[in-house]
Structures are given as C-alpha cells and as structure tokens.
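Dear colleague,

Please have the model open as you read.

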Amino acid sequence: MHETMGKIIRGLRKERNLTQEELAEQLNVTCQAVSRWETEASLPDIAQIVPLAHVFGVSTDVLFGIAGDADDEQTEAFLREYHQKRCSKPEGISDLAHCRACCADVQKILAVYPNNYKLLACSLGSIVSLLWANHRETIQGEETGRGDEMHAMMQEGIRQANVILHHCSDMEYLDLAHRRLVSIYRMAGDLAKAEEHAKQVVDQSGFQLAVVYEAMGRTEDAKVQYINALYTKLIQIEPILPALGYLYEKQGKWEEAYTCYRLRIDLFERILQSKNADEPYHPNLSLNLSYDRCASICMKLGRTEEAMDWLEKLVCFGQRSAEKHHHKTSQLPYFYGIDFSAHLTSVPPAKQITNSLQWSVFDPLRGSKRFRVILAKANSL
C-alpha cells in the first residue's frame, strides 16, 4: 500500500489518539505545521523525521512508505529461537513469567525492526498469550497489582495491530491482526470493538463472533454462531469418516468401520438438531449419513436386530429428507447464508434408500415382518 507521507503521519497520529496540538507539542513545532504536513501543503523538515518516528514508535522507513523488513534469514532465525523458547517453559517458572520473558524478547527485536510484519504478528501472539496468562492467574485469585502493566500491553497490542491494518496488504497478516484485536478488546471489556473486528475475520465459520456474543450475554446469537462454526468444521471432516470406514471394511475390520460410520451419524444428529423439532435439520447429504453402512456391518457381525434398528432410522431419515428435498436448504434454521448446493445429491432420497435396501447383505431379513414394514415405508416415500 503506497501512501504519501502526509497520509502516513495523519494515520499514525490517529492510531495513537493524538491531536495535532499534542503531536506538535511533542515535536516542539506549531500545530499549523502538523496540519500542513497532513494536508501535504508541505513536508516535515529532515531534522523532524527521526523525532516523528520516535514519537510514533516506528522506523523512519514507515514514514517514507517503505516496508523496512529485517533480513528474512535473521527474522526466521529469531522466530525459530522464539518458538523453541515459547514451547520449552523451564521448571519452577510460572506461565505468566514465561510469557512475559518471551514477549520481552519480541519487543526487543521489534524496537530495531518496528514494521516487520512477521515480527509484529509474533509480537501480537506473545502479547495475547501474556494477557491470557495474567487473566488465568487473576481468576485463580493470584492478582498482584499488574493492572497498569497489562493495560499498557493491551494498548501496545492495539497499536501493533493497527500498524498491520493500516500499512500491510497481505490478507494473512490482516486477518491475524483482526483475530488478535478480538482477544485484546474482549479482555479489555470493549465488546463492541471486539465484535467489530470479529466481523472482519476472513474465516466466516462464526467462531470469533460466537465468543464475543457469549461475553456480551447474547446467548442465542452465540448459539447460532457456534453451530455455524461446528457445521463448517463438520463439512470439512464429513467426507473423511465414510472414506476411512470404507477402507476398514475392505480390510475386514468391521468394528473400526462401524465406529467411523456411527461417529458421522452422531456428529450430524447432535450438531444439526433443531431447537423446534426432534429431527435434525440438514440437507440430503451423500450416503444417507451412513445409516445403511451401519446396518450392513451389523449384518456381517450377526447383529440382525441392530441392523433392523439402523434400517428403520434410514427410512425415517428418508421421510424427513423427502419433505425437504425440494425446499431451499440455504434457509435452514441456524445456517442462514450457507450454500448447501455442493452437498446436495442429485439422486432423490427415496431412490437412494430403496437401492440400499436391495443390497444382498439384507437378504436374510426379507422374510421378516419387520423388514417388510421397513420396505413398504421406503417404497411409499
């Protein structure tokens, strides 16, 4: 992002909540001079560049719109050392003390390279870790008057995040800055600001908003976002469970396969439960949520009654799915705005179920009255 020096000075001043008069006083110039810099009527005297950078806590390169990163090799070497230290807490040292020491290490190198985005990202992580460590000790009744220190760290974290937000164009760093600000503002008690940044997070699963809404006491809104987040993650693992189950079946490991299929069913049934009905609200996902696979494995294990139970659940699922098959599934409860089209099968639910019931593994059941009832219900879908 290329900006003029005037815009950069104005942005840095506003980030630090300074008036033109306050900045002018710190630089021993008139407020009119500051105004002329910001409106680009004139440029700061060369003698003012270093003091300006010092007041804002940035390098002079930032004022000139230059990235000014540390050497990549040096940065990577520091980050490797930092992460090794962060993950190796010495015995007898509290988590808070360890987080404080790690945070101090990052601030030292940032003083040399104050606008290196990798280091800023690392610093924001260390600041949030320090704040959480302090929070944990506080709720355990171990408060020792660190309020001023933690407030200063919050302000520094906000400042560093704003450097990224106003001067970086890399989406990865911008997203990270918003995430860190959600945590910082939550701990600062500014939930409106936390919500503002949660809405800017690239990951639209809803988890960041859920956490903020819960802190606000907006229980129903938090529930919506948490379920959104669960569903987003579930969609990612949904194809893995039946694929793994199928591999176990090929190896003849029936119990392992059954566990995979059963877990898939349990996840969907529990997560997508409607608050207004006993049935799950979900689109007609592939393989009928694996009810038929569970029934098939039970047959191979000689558990015929359990197999019947799964087939009854399969038909019940089909009845619900058939009712919703032509409905606009993007408006299902709790999932407003989610596009389910990629997860819809082109085969009608009734056809899927009747196909499953024709599997030869169920042949021993065909003389059973219970199976005939199941089959009749399936054919009536």
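The model is a predicted one, in which local features need pLDDT of at least 70 and side-chain atom pairs count only at pLDDT 80 or more, while totals for chains, interfaces and linings use all residues. Residues are numbered from 1 along each chain as its sequence is written, and side-chain values use heavy atoms, with hydrogens and water left out.

Taking a salt bridge as a side-chain nitrogen of Lys or Arg within 4 Å of a carboxyl oxygen of Asp or Glu, the count comes to 22. Among them is the pair Glu76 and Lys118, at 2.5 Å from N to O; because Glu76 belongs to helix 6 (residues 72-86) and Lys118 to helix 8 (residues 117-139), this pair ties together parts that are 42 residues apart in sequence. Helices here are DSSP runs of H or I, at least four residues long, numbered from the N terminus.

Lys85 pairs with Asp105 in another salt bridge, with the closest N and O atoms 2.6 Å apart. Since Lys85 lies in helix 6 and Asp105 in helix 7 (residues 95-112), the parts that are tied together are 20 residues apart in sequence.

Within helix 9 (residues 147-167), Arg159 and Glu156 are three residues apart, about one turn of the helix, and their side chains form a salt bridge at 2.9 Å, N to O. Arg159 is buried (under 20% relative accessible area, with a 1.4 Å probe and protein chains only), its value being 15%.

Finally, salt bridges link Glu195, Lys199, Arg218 and Asp221 in a network.

Methods: Helix = DSSP H or I, 4+ residues; strand = E, 2+ residues; numbered from the N terminus. Buried < 20%, exposed > 50% of the residue type's maximum accessible area, 1.4 Å probe, protein only.
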